[in-house]
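Here is a guided walk through a fold for anyone who likes to keep the model open while reading.

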Amino acid sequence: MDLRAAAVTVRHGARTVLSDMSCALPPGTQALLLGRSGAGKTTLLKSLAGLVTPSHGHITWDGQDAARLSSADRRTRQAAFGMVFQTDALFDSLTVRQNVLFPLVRRHVPTAEAEARADEVLRAVGLESAADTLPERLSGGMKKRAGIARALAAKPSVLLADDPFAGLDPGTARQVARVLLEVSQGGTLLVAAPEAPLDLPLPRWLYLRGGQLIHDGPPAPSLEEERDEVLA
Ligand SMILES: Nc1ncnc2c1ncn2[C@@H]1O[C@H](COP(=O)(O)OP(=O)(O)OP(=O)(O)O)[C@@H](O)[C@H]1O
C-alpha cells in the first residue's frame with residue numbers, strides 16, 4: 001500500500017499532538033520513527049492506520065483519503081495493516097497458536113487456510129515449539145514475538161510496530177529485530193522507538209520532536225545527541 005500523510009495535524013482538546021506533518025511511505029518502505037516519549041510516535045502510527053482521524057490534513061491509502069471512506073470500506077482496507085502496539089496483550093486463556101488464529105477466525109478466513117498461516121508465522125518468529133503454550137509461560141521476548149506473529153497472520157502489506165523493544169534485554173531485542181526484518185521483506189515496515197535500535201539499522205529515519213517532523217531522510221545520529229544536550 002502507498003501510504004501518505006499530507007499536512008496532518010492531530011489535536012486532543014487544546015493540545016496539538018502532531019503538527020502539520022507530511023511524509024510519503026511508498027510500498028516497501030523500511031523506516032524508523034524516532035523521538036522521545038510524548039513526541040507523537042504512537043499518534044502518527046495510529047493516524048496512518050486510520051485509527052485516529054486528523055484534525056487537519058489527510059492520510060491517504062493508495063491515493064484515497066482514509067477519512068472519506070465508508071466505515072465498511074475503511075475496515076476492509078485496514079486489513080492491509082499489521083499493528084504491534086506497546087500495550088498489546090495476548091489472551092491469557094488461549095494458547096499462542098489460538099491467539100494467532102483469533103484475528104483470522106474473526107475475519108472468517110477458512111479454517112484450513114487460517115491454521116496453515118498461523119503455523120507459517122509462528123515458524124517465522126521461531127515460536128513453533130511454543131504454539132500450544134499459554135502466554136503466562138512465555139518470556140517477555142516470546143510474548144513480543146507472539147504479538148508480531150498475530151499481526152503478521154493476516155499478511156499485512158504494512159507492518160507498524162510501536163516500540164517493540166520496550167522492556168526487552170539486548171539479546172531478546174536483537175532476536176525481535178531480526179524477526180521484524182525477516183518477516184517484513186517486500187512490505188512496508190515502520191518501527192517506532194525512543195532511540196535508534198542498534199540491531200535494526202533501517203535506511204530511513206523519521207524524527208519527531210514535540211509533534212513536528214524535524215527530519216525525514218537517512219540515519220542522522222546527531223539528532224539523538226542533540227536530544228541529550230537538551231535534556232542535560
Ligand atoms: N487520546 C489522547 N488524549 C489526550 N492526549 C493524548 C491522547 N493520545 C496521546 N496524547 C498525548 O499526545 C502526546 C503524544 O503521545 P504519543 O503517545 O503519540 O507519543 P509517543 O511519542 O508515542 O510517546 P511514548 O514513546 O511515550 O509512547 C503525549 O503528550 C500524550 O499525552
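Predicted model: local features only at pLDDT ≥ 70, side-chain atom pairs only at ≥ 80, totals over all residues.

**The four-stranded sheet**

Let us begin with the open sheet of 4 strands, whose order is S2-S1-S4-S5 and whose pairing is antiparallel. Strand S2 (15-25) and strand S5 (64-65) stand at its edges; each has a single partner strand, so one side of each is left without a neighbour in the sheet.

Strand S1 (residues 3-12) runs antiparallel to S2, and 7 bridges join the two.

**The six-stranded sheet**

A second open sheet has 6 strands in the order S6-S7-S8-S3-S9-S10, and here the pairing is mixed. Its edges are strand S6 (81-84) and strand S10 (212-217), each with a single partner strand, so one side of each is left without a neighbour in the sheet. On average, and with direction ignored, neighbouring strands of this sheet are turned by 15 degrees against each other.

Within this sheet, strand S3 (residues 30-34) pairs with strand S8 (residues 188-193) in the parallel sense, over 5 bridges. Leu-34 is a handy landmark, as this residue stands opposite Ala-193 in S8.

**A helix across both sheets**

Which strands does helix H1 (residues 41-48) lie across? Among them are S1, S2 and strand S4 (56-61), and H1 runs at about 125 degrees to S1. H1 also lies across S3, strand S7 (158-162), S8 and strand S9 (204-209), running at about 155 degrees to S7.

**Around the ligand**

H1 comes up again at the ligand. The residues surrounding the ligand are His-12, Arg-15, Val-17, Gly-35, Ser-37, Gly-38, Ala-39, Gly-40, Lys-41, Thr-42, Thr-43 and Pro-194. S2 and H1 each supply at least two residues of this shell, and the largest share, 3 residues, comes from H1. How does the shell divide by residue class? There are 3 nonpolar, 7 polar and 2 charged residues.

**Helix packing**

| Helix pair | Axis distance | Crossing angle |
|---|---|---|
| H5 (residues 140-153) and H6 (residues 170-183) | within 9 Å | roughly 15 degrees |
| H3 (residues 96-106) and H5 | 8 Å | about 30 degrees |
| H3 and H4 (residues 111-124) | within 9 Å | roughly 130 degrees |

Take H5 and H6 to begin with. Their axes cross at roughly 15 degrees, and the two helices are therefore roughly parallel to each other. The crossing of H5 and H6 is right-handed. On the H5 side, the contact is made by Gly-140, Gly-141, Lys-144, Arg-145, Ile-148 and Leu-152, and on the H6 side by Thr-172, Gln-175, Val-176, Val-179, Leu-180 and Val-183. By class, the contact of H5 with H6 has 6 nonpolar, 4 polar and 2 charged residues.

H5 also packs against H3, at an angle of about 30 degrees. That makes H3 roughly parallel to H5, and the crossing of H3 and H5 is right-handed. Val-96, Asn-99, Val-100, Pro-103 and Leu-104 of H3 make this contact with Ala-146, Ala-149, Arg-150 and Ala-153 of H5. The residues of the contact of H3 with H5 divide into 7 nonpolar, 1 polar and 1 charged.

Finally, the axes of H3 and H4 cross at roughly 130 degrees, which makes H3 oblique to H4. The crossing of H3 and H4 is right-handed. In H3, the residues Val-96, Arg-97, Val-100, Leu-101, Leu-104 and Val-105 meet Ala-114, Glu-115, Arg-117, Ala-118, Val-121 and Leu-122 in H4. What is the class make-up of the contact of H3 with H4? The contact has 9 nonpolar residues, no polar ones and 3 charged ones.

Key. Residues numbered from 1 in each chain as written. Pairing = 2+ DSSP bridges. Contact = placed C-beta atoms within 7 Å. Axes fitted to C-alpha atoms, helices over the stretch in contact; angles between N-to-C directions. Parallel < 35°, antiparallel > 145°, perpendicular 65-115°, else oblique. Left-handed = near helix turned anticlockwise from the far one by under 90°. Nonpolar A, V, L, I, M, F, W, Y, C, P; charged D, E, K, R; others polar. Near = placed C-beta within 6 Å.
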